[in-house]
Amino acid sequence: MGILEVKNVGKRFGGLQALGDVNLSITENSVHAIIGPNGAGKSTLLNCLVGKLIPDTGSVMFDGKSVLGLKPFEINQMGISRVFQTPEIFGDLSVLENMMIPCFAKRDGAFTPNAFINMMKDREIVERAEHVLEEMNMSEKQQMPAASLSRGDKRRLEIGMCLSQEPRLLLLDEPTAGMARADTNNTIDLLKQIKDEREITIAIIEHDMHVVFSLAERITVLAQGTPLVEDTPDNIKGHPKVREAYLGETQDAA
Amino acid sequence: MEAIILQVLNGLDKGSAYALIALGLTLIFGTLGVVNFAHGALFMIGAFCAVTLSRIISISRTIIDDSQTDFLGNPLKVDVPYVYDWFGQATGDVIIDWAVPLSILFAIPIMVAIGVAMERGLIKHFYKRPHADQILVTFGLAIVLQEIIKYFYGANPIPTPAPDAFRGSFDFGAAFGFDPNVIIYPYWRLVYFSFAAVIIASVFAFLQFTTFGMVVRAGMADRETVQLLGINIDRRFTLMFGMAAAVAGLAGVMYTPINSPNYHMGMDFLVLSFVVVVVGGMGSLPGAVLAGFLLGILESFASMREVLTILPGLNQIIIYLVAIIILLTRPRGLMGRKGVMED
Amino acid sequence: MSKINLTRRSVLQTGAITGAGLALPTYLSAASHSGFTNAPTGDTVTLGFNVPQTGPYADEGADELRAYKLAVDHLNGGGDGGLMNTFSSKALQGNGILGKKVEFVTGDTQTKSDAARASARSMIEKDGAVMITGGSSSGVAVAVQALCQEAGIIFMAGLTHSNDTTGKDKKANGFRHFFNSYMSGAALAPILADNYGKDRKAYHLTADYNWGYTTEEAVRTSTEAMGWETVAAVKTPLTQTDFSSYIAPVLQSGADVLVLNHYGGNMVNSLTNAVQFGLREKQVNGKNFEIIVPLYSRLMAKGAGANVKGIFGSANWHWSLQDEGSKAFVKSFGTKYGFPPSQAAHTTYVQTLLYADAVERAGSFNPCAVGEALSDFQFDGMGNGPTLYRGADHQCFKDVLVVKGKENPTSEFDLLEIVEITPTSQVTYDASIFGGELGACNPGA
Amino acid sequence: MFGLEYKDSRMLILVAILVALAPFMLNPFPEGSGMAQFNAGYPDLMQRFVIFGIFAIGFNILFGLTGYLSFGHAAFLGVGSYAAMWMMKLLTMNVVPGIIFSVLVAGVFSLAVGWISLRRSGIYFSILTLAFAQMSYSLAYSVLTPITGGETGLQPKVTDPRILDGSLAEGTIAKANFFGLEMGSSFELQLGSWLFTFNAGYYLAAVVMLIAFYISIRIFRSPFGLMLRAVKSNQQRLNYTGLNTKPYTLAAFVISGMYAGLAGGLMVAMDTQVGAERMFWTASGEVVLMTILGGVGTLIGPVLGASAIKYMENILSKINSDILHQWFAFLPDGLEEFVITLIYPFIGKGWHLTLGLIFMAVVIFLPGGLVEGGQRIANLFKRKMPGKDARDNKS
């Protein structure tokens, strides 16, 4: 049984059936990619996993517990971290402060009215944040306002923020979308490194086949709101149904 | 029954004033994405266009009438308007009498000019600034504008009557088979209502059926794409600002016979019109109009004696109460789009 | 022109020990030896004129300020002396007050009690004013009066019409020359009965705050005593601008008189709206429909324009009065400013003179001495006939004017005509009916 | 000091010194000189500086940190004032119970308003708070007259019960005090032509303000403050980082509401009167102006902004044409008239115009308010002394 079990999930928006009947199981400590053409329902599925949307039917179990109806912050506290398509960071805050926030959230929970502690004197948190920044090779940038980072660094920061929480499941929503090739490769390397060094499950939604095939251990292909096929990358590459439904339409995707 | 018909009538009339102001605010917000707290001031300036024109028409030469005395016992100075000299007293009187409707012609170019000047001179620099900054700078501008008007026209309300032809009221009751004197309504308010309806309809028609309007609507939806098409959307938006100013100004001109204008009438309407816009849904033109009429009618019902005996003080808070309820049940107002002004 | 505006402190300085610290714990910076707040020690005395200079009553405030300046001018021996010539008390010499030249400071009340108190406190604490006067609303008058009581300063109220000022909120250090709601009702009722008959049905629209309540109460009580019936009374919010939804149901109610217990902008708008609805052309119960505005102000009537024609109301004073006092005041004011004074100007001018006169007669600026001199003081020649400053509540009792909007005004100032001068006896009431406690006078320090 | 970092302690001490010496610094001009008009060192205005400083500091905790623009904070000020006044009427003229009660009542009220209003964000939140405040104002002015005194407000009366105080001596009136020390009592010091007033009430309010300022520094530097800044910066990210934004924003709202209540209670303690206009929407707008004028999200900005606006309101509005004539008497007559004609619209009754113009200028040219202005000037000097750079700049 996988760490994340999605059973019979369906979601309608008015007349549009965004998700039909999705079944998905993600094995612990694997990298699982979800691919599919535009409008296949990838983002809707992701939003159902993190609490942004509530599916009309079916169930989503994380580590044996249902996440349905929980708020995003509650799901995060269970151990699911999400990386957005465009990096979502705290632009007004310094890089170090950005990193401290998830550390606080991990240690102190969803709400702690600790208004009388000087945050910089909380050595545990500061050290933890500095440590993660070091891992991300961003130590020398920790006093910069996050908004002034390059796109690639923002992505690194965001991934670092998620990792600092030591999540059991890391969800990545097209992590290299809109990136230059060099940045994309850097990100792939970073993710590979994460995969190798940590015990972590990664689910990745991606358009870029290069990314998918460099990282994924299993791939689910989504089309018109239903999973078409699920298999290893090698099998997917040659799968006729996939070519028809997906690769056929986006010839330059790979 | 009669009481209810009467309050619906009242509400429609009140609502037409709200709707006109809210329409202008929404035009500016929808096209330019700017929250204009000086919009009430534009309404007020419109009203003062009417005051100014009636003063210009009444510019007089002074003659001394020895047969009468003034309060100090000196010979009375009598003002004779120049229009009497030019057109004779009868025609002159008619012109003075019709000053308010004439002001419409006078106000349109002035308001458009003020609007364009405001956009080019000030608002333009605030497109990329946070909404809070826009609110604050236009609020500052509103204070400045109203103080300037106060400096020249004083703080007291200035009577600006409607033409004599519109004095008195129309007896709906008698016309539709109720008892006479029960459902009466002043002619000028009927004029105001029709005027508002025409303005609202023309703004909608303009946006719907002209190329200019279509481009502007497209720009409201997606500014960058329209700009990529090589259309100079900025100039059109400037004109839209002028148009919104003119709508506010005309609402002000026609309002003068209903309430004598004073320098702070804009501020009196400002909070209310923002409530209307937000209840309607930020950026939605039909929403603004709908909310204007809705709040006008609800306000009228809340002022009924029968209602007030049960809920004293309801008339004090009805607008705000409705705003709270609507915003809590419909998060983006009646017809608002998602993601507008929520940051 | 250069007027030197010395303050009390500059006066202190002249006789002060240079360099060394003269330190005295005091309340609101009083000069300790005199025994009362802000005792003038040099050859000048400072008065505080606290009027609305911004906000809807700014024009009224400006007129009050004109009157104050005129009064100061007259007290210091300038101009034609104005009402000092007709005033029954001859204590004032035109050489300032007690030989001290009168100086003044001005402030802006904004018609808000907080701002009015801030401004009054700055006059007391910073400028050393020994008397504060002014105001254009009862909220402000009551608030500033309470402050002056606390600080040990005399407060000479300006335009305030609520019963509360000298009723439930009266204070020993506060004095009001202006009339009140009760007097308006008492003066109006008989005239209304004479003109409109005793069988009338009245519909009240009342501003929803203290002044509105007391005015409605006063007019209701006195008209009902004449045989009128009150059909309904509806409260309207202060912030209302369009009164149509309140006016439209009036005809349905079977009422044949509409009483607008509104003041200022409310009055202008509600009256304009009522006339627009053509109420005055209607016939109800076989009678002409009538509108009444209990408290008239000429400045505000101007805002309503032709709509005031033929509408009854009451006033404290009007420039067309023909007694010697009124004529003298209109002449002084009109000569200096070019137009006739408003009733707000009149009451503030008279208050200033009354204060100065009381100081002269008491021989001291001490508020308690001044208060005593004003209490139960009877005078004449100030434009309202023989007048009594009643000691029990510090309210002036004098003739009240019933006025009517003029049908054919000859100028923009000639809007009202006097219908009746109601004699004092008819508007006098027992000092205890409104409750409240005058307390003892407070000299501060 | 007090668990603050060096830089913050330095600022707190600086503010404490400024506040303690305010009676000297605000009266720079000798009595009787033409410039004495600009002196602000009298008790009422000094009290207003610190009280509105507290109000703005609290508002800044909400608006400056979380970015939620409340247009109804004056309601909490008003509610606090009414609460303190009723304590004074019923319990004792000692200001301590009144001030404590005002904070509590404002806290409860802001909890209720915040609970509902924070369901929405952006302008919808602003309009909700505005609606609550306007309802409070309207009701306080009209139907709640028995509780609020309506138009004429509330003042202590001789006849009030005041169960903890003994009965008043004949002919005296109840005065607000701090365990016997009357708020109105002052100590005057005359040095040459200068006169300085040290007022008990001012110093009480100033001490409270320093505590409020200290608390605000602590909040700014705490993890809680960090979360509030994160709310302003990116609420979505915060949600997906496992933090529940609602209690954070609500806590900030209630804290700033309590600050407003504290300011309201102190206003009553200093000047025993309360009226409903205190809650009108323009009063809420005023605190927004103060915060922006001083510098949103900075520690000291709101205090500066509050002082600047209160200074204009109280000093500018009192300059009348006579005083202008006095100032410019040295000019030849024609020129004197001309100069006065130029200046007159901006002072006295025209002070609103000046306020509006200054306000526009600040928003247009100095979005960071007076603090940014100060920093720019400081930077000008620093540029001339290279070596001292970004280290001090960053705060």
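This report walks through a predicted model, from its chains down to a single residue.

## How the chains meet

Let's start with the whole assembly. Four pairs of chains are in contact, and the pair that shares the most contacts is chains C and D.

Some chains do not meet. Chain A and chain B have no contact between them, and their closest C-alpha atoms are 14 Å apart. Chain A does not touch chain C either: here the nearest C-alpha atoms lie 34 Å from each other.

## Where chain A touches chain D

Chain A does have a partner in chain D. Their contact is made by 30 residues of chain A and 25 residues of chain D. On the chain A side, α2 (72–78) and α3 (95–108) each provide at least two residues. Which of the elements gives the largest share of this side? That is α3(A), with six residues.

What kinds of residues does chain A bring to chain D? Sorted by class, this side of chain A holds 19 nonpolar, six polar and five charged residues.

## Two domains in chain C

Now take a look at chain C. Its domain assignment lists domain 1 (8–179 + 320–398) and domain 2 (182–315 + 417–425). The C-alpha centres of domain 1 and domain 2 of chain C are 32 Å apart.

The two domains touch through 17 residues from domain 1 of chain C and 15 residues from domain 2 of chain C. On the domain 1 side, helix α2 (residues 58–75) of chain C gives the most, with three residues. That side of domain 1 is made up of five nonpolar, seven polar and five charged residues.

## A close look at A:Val31

Let's finish with one residue that you can find in strand β3 (residues 31–35) of chain A: A:Val31. Is A:Val31 buried or exposed? A residue is called buried if 20 or more other C-beta atoms lie within 10 Å of its own. A:Val31 has 25 C-beta neighbours inside 10 Å, so A:Val31 counts as buried.

What does A:Val31 touch, leaving aside residues up to four places away in sequence? The list is A:Lys195, A:Ile202, A:Ile204, A:Leu215, A:Ala216 and A:Glu217. Take A:Ile202 from that list: 171 residues separate A:Val31 and A:Ile202 in sequence, yet their C-alpha atoms are 4.7 Å apart in space.

Key:
Residues numbered from 1 in each chain as written. Chains lettered and ligands numbered in written order. Predicted model: local features only at pLDDT ≥ 70, side-chain atom pairs only at ≥ 80, totals over all residues. Domains from an automatic or database assignment. Contact = placed C-beta atoms within 7 Å. Helix = DSSP H or I, 4+ residues; strand = E, 2+ residues; numbered from the N terminus. Nonpolar A, V, L, I, M, F, W, Y, C, P; charged D, E, K, R; others polar. Buried ≥ 20, exposed ≤ 12 C-beta atoms within 10 Å, placed from the backbone.
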